[in-house]
Amino acid sequence: MTETKLFLLPGDGIGPEIMAEVEAIIAFLNAKGLTNFVTDRGLVGGCAYDAHGAAISEADMQKALAADAVLFGAVGGPKWDSVPYEVRPEAGLLRLRKDLGLFANLRPAICYPALADASSLKADLVEGLDILIVRELTGGVYFGEPKEIVTLENGQKRAVDTQLYTTSEIERIARVAFDLARTRNSRVASAEKRNVMKSGVLWNQVVTRIGKDEFADVKLEHVLADNCAMQLVRRPKQYDVIVTDNLFGDILSDVAAMLTGSLGMLPSASLGAPDAATGKRKALYEPVHGSAPDIAGTGAANPIAMIASFGMALRYSFGLVDLATKLDQAIAGVLGKGLRTKDIAKAGEATITTKEMGAAILAEFKTLVG
Ligand code: IPM
Ligand code: MG
């Protein structure tokens with residue numbers, strides 16, 4: 001079997017703890033002869049700053065570029081609150097996204113039946129929820145220039161961020177969303193703010209054209225991003241695929257995450273364009289949640305979003321759809337048995353640790369894989 005290179009970047013806070021649970025699954029798959037993953041690990045975020053004075057070293061960037069997929073934990077924490085802006089922990093993640101060209105961020109929000117009452121919304125609103133947020137990840141206000149704080153002659157300061165999109169940036173993310181909708185319920189909702197933003201006007205025009213010319217079989221609706229946020233907490237099941245820009249996608253995906261019971265549940269895949277020669281996409285997989293410094297080291301972290309992110313790697317980078325489906329089933333099975341980390345437990349309910357949750361999912365996965 002050919003070797004597949006996985007580059008692990010556990011990062012800060014709970015990152016290393018949740019990554020350890022994925023490493024146990026990788027070890028099992030390799031031992032079974034089902035995969036031949038070769039793993040290497042690097043530093044990103046605050047730990048990279050402590051070691052190298054940068055949010056990610058050049059050597060680790062090279063390894064990320066050479067890998068078949070990158071698995072990313074989480075970055076940041078109060079320890080690095082006052083480091084210079086250019087080398088803050090998040091800069092490592094943003095550089096990976098930009099330099100690997102990971103323009104398409106897939107954030108599925110699935111409510112497992114067993115968790116419907118862990119959501120802050122009424123169970124019947126979220127039961128069976130299955131939506132996919134497709135977030136543009138390398139453009140918009142995250143990367144637009146100028147991005148600066150300048151001092152004016154009168155001593156005032158002036159801060160500028162630039163929201164910027166070109167036709168082709170919108171076209172390629174729209175195509176990803178429409179393509180994925182075809183594998184689901186063939187509905188796309190495109191969210192922008194065309195009522196106040198020029199980038200929203202262009203976004204709306206381009207998505208409309210791509211839908212009409214290339215995906216006439218997919219039903220397209222347009223929604224203002226603020227209304228979309230409201231609809232997500234009002235009647236979330238009305239959506240199938242939501243496509244939106246970098247900043248709105250950041251916000252809407254946090255809302256969607258809470259619908260599923262906990263931010264600890266939401267995985268994500270960040271994909272680049274297919275390589276012209278090999279057809280392979282650069283890819284990074286990461287949980288949507290952060291480094292949770294308040295619970296780091298206590299064993300309270302929920303490893304499910306990290307494990308499900310690895311499941312997305314099996315599906316999208318390695319075509320191991322059957323194994324990916326079984327891993328999702330293992331997660332659902334463990335939740336169905338009532339096993340809960342603290343974040344998804346009801347008041348008074350017994351909880352298990354990160355390691356126990358990881359071990360329970362692996363045991364369930366082993367029985368499914370056989
Ligand atoms: C996310 C995070 C990041 C973002 C931060 C850590 C830079 O919130 O992946 O959603 O804003 O994109
Ligand atoms: Mg976010």
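This is a predicted model: local features need pLDDT of at least 70, side-chain atom pairs count only at pLDDT 80 or more; totals for chains, interfaces and linings use all residues.

Mentor: Residues are numbered from 1 along each chain as its sequence is written, chains are lettered from A and ligands numbered from 1 in the order in which they are written, and side-chain values use heavy atoms, with hydrogens and water left out. Helices (H or I, at least four residues) and strands (E, at least two) are DSSP runs, numbered from the N terminus.

Two packed helices are described by the angle between their axes and the distance between the axes. Helix α6 covers residues 167-182 and helix α7 residues 198-214; their axes come within 9 Å and cross at roughly 50 degrees. Because of this angle, α6 is oblique to α7. Under 35 degrees a pair counts as roughly parallel, over 145 as roughly antiparallel, from 65 to 115 as roughly perpendicular, and the rest as oblique. The axes are lines fitted to C-alpha atoms, for helices over the stretch in contact, and the angles run from 0 to 180 degrees between N-to-C directions.

On the α6 side, the residues that meet α7 are Thr-167, Ile-170, Glu-171, Ile-173, Ala-174, Arg-175, Phe-178 and Arg-182. Their counterparts in α7 are Leu-202, Trp-203, Val-206, Val-207, Arg-209, Ile-210, Gly-211 and Glu-214; contact means heavy atoms within 4.5 Å. By class, this contact of α6 with α7 has nine nonpolar, two polar and five charged residues. Here Ala, Val, Leu, Ile, Met, Phe, Trp, Tyr, Cys and Pro count as nonpolar, Asp, Glu, Lys and Arg as charged, and the others, Gly among them, as polar.

One of the residues of α6 is Glu-171. Is Glu-171 buried or exposed? Glu-171 counts as buried because its relative accessibility is 17%; buried means under 20% relative accessible area, exposed over 50%, and partly exposed in between (1.4 Å probe, protein chains only). Setting aside residues up to four places away in sequence, Glu-171 touches Val-206, Arg-209 and Ile-210.

From α6 the chain may be followed towards β8. In the loop between these two elements lies Ser-186, which is not a glycine and yet has a positive phi of about 55 degrees. Ser-186 counts as partly exposed because its relative accessibility is 22%. Most residues other than glycine have a negative phi, and most peptide bonds are trans.

Strand β8 (residues 187-192) holds Ser-190. Ser-190 is buried, since its relative accessible area is 0%. Its side chain makes a polar contact of 3.0 Å with the side chain of Trp-203. Such a contact is a pair of N or O atoms within 3.5 Å; within protein, one must be able to donate a hydrogen and the other to accept it, and residues adjacent in sequence count only if both atoms are side-chain atoms. Apart from neighbours within four places in sequence, Ser-190 is in contact with Trp-203, Val-207, Leu-220, Glu-221, His-222, Val-223 and Val-243.

The crossing of α11 and α12 is right-handed. Its contact residues divide into 12 nonpolar, two polar and two charged. Helix α11 spans residues 321-336 and includes Thr-325, which is partly exposed because its relative accessible area is 30%.

Two backbone features complete the survey. Ala-292, in the loop between β12 (281-287) and α10 (304-316), has a positive phi of about 40 degrees although it is not a glycine. A cis peptide bond, with omega about 0 degrees, joins Glu-145 and Pro-146, and Pro-146 belongs to strand β6 (residues 144-151).

Definitions and conventions
A crossing is left-handed if the near helix is turned anticlockwise from the far one by less than a right angle, and right-handed if clockwise.
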